[in-house]
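Open the model in a viewer and keep the selection tool ready.

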Amino acid sequence: MRKIIYHVASTLDGYIAHKDGNTQGFLEEGEHVSDYLESLKEYDTVIMGKHTYEYGYNYGLNPGQPAYPHMMHYIFSSSLHFAQPHEQVQVVSDNPINFLAELKETVGSPIYLCGGGQFAGFLLGHKLIDEVKVKLNPVLFGEGIKLFEGCEETYRMRGLNSIAYEGGVFLLNYEIDYL
């Protein structure tokens, strides 16, 4: 079974972005960035919500095109539609839980959950996330989009490994232990 890995940057106070979705303030240079870019090669599939996908427009992504050229993209949204999406881009609008359960049963690499605190909270609530890789940045936002929006339950995590980078960023890797 394929794992879903939530690989995301976070502030010390648990936010993945400001309220408006921007990520200004995260450390954008350093070994942690090159390691992250290298780690993307481990994935052949990415899942994300509409807002995360549309955030890519700020960086030149064209609607319906893949953000990661070597990955199949599944974008979960009931309102997003493309006239002619790229063959590597599919919008999932119905039965996201069933779709992801079936996707996890297919052959392939681990599945990259690319952001979306709301989407991550939804998946966590349905016990679909297997691992969390958090790039903990030495910054506070005070408010914004939480790592897991809407999460009201307690989940235990088992530490797998960690890396301390110069500049104060830590990569923390956990497996979720659903009770």
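**Stop one: the largest pocket**

The largest pocket has a volume of about 1600 Å³. The model is predicted, so local features need pLDDT of at least 70 and side-chain atom pairs count only at pLDDT 80 or more, while totals for chains, interfaces and linings use all residues. Residues are numbered from 1 along each chain as its sequence is written, and side-chain values use heavy atoms, without hydrogens and water.

On a 1 Å grid over the protein atoms alone, a pocket is an open set of points where a 1.4 Å probe fits, with protein on both sides within 12 Å along at least five of seven lines; lining residues have an atom within 4 Å of a point. A volume is the space filled by probe spheres set on the points, which are joined across faces, edges and corners.

Select T23, T52, Y55, C114 and G115: of the 49 lining residues, these lie nearest the centre of the largest pocket. Next select α2 (50-55), which gives the most to this lining, with five residues. Helices (H or I, at least four residues) and strands (E, at least two) are DSSP runs, numbered from the N terminus. Other elements supplying at least two residues include β1 (4-11), α1 (31-39) and β7 (131-137).

**Stop two: the second largest pocket**

Select H7, S39, I163, Y165 and L171, which lie nearest the centre of the second largest pocket, among its 14 lining residues. Its space is about 180 Å³. Then select α1, the source of the largest share of this lining, four residues.
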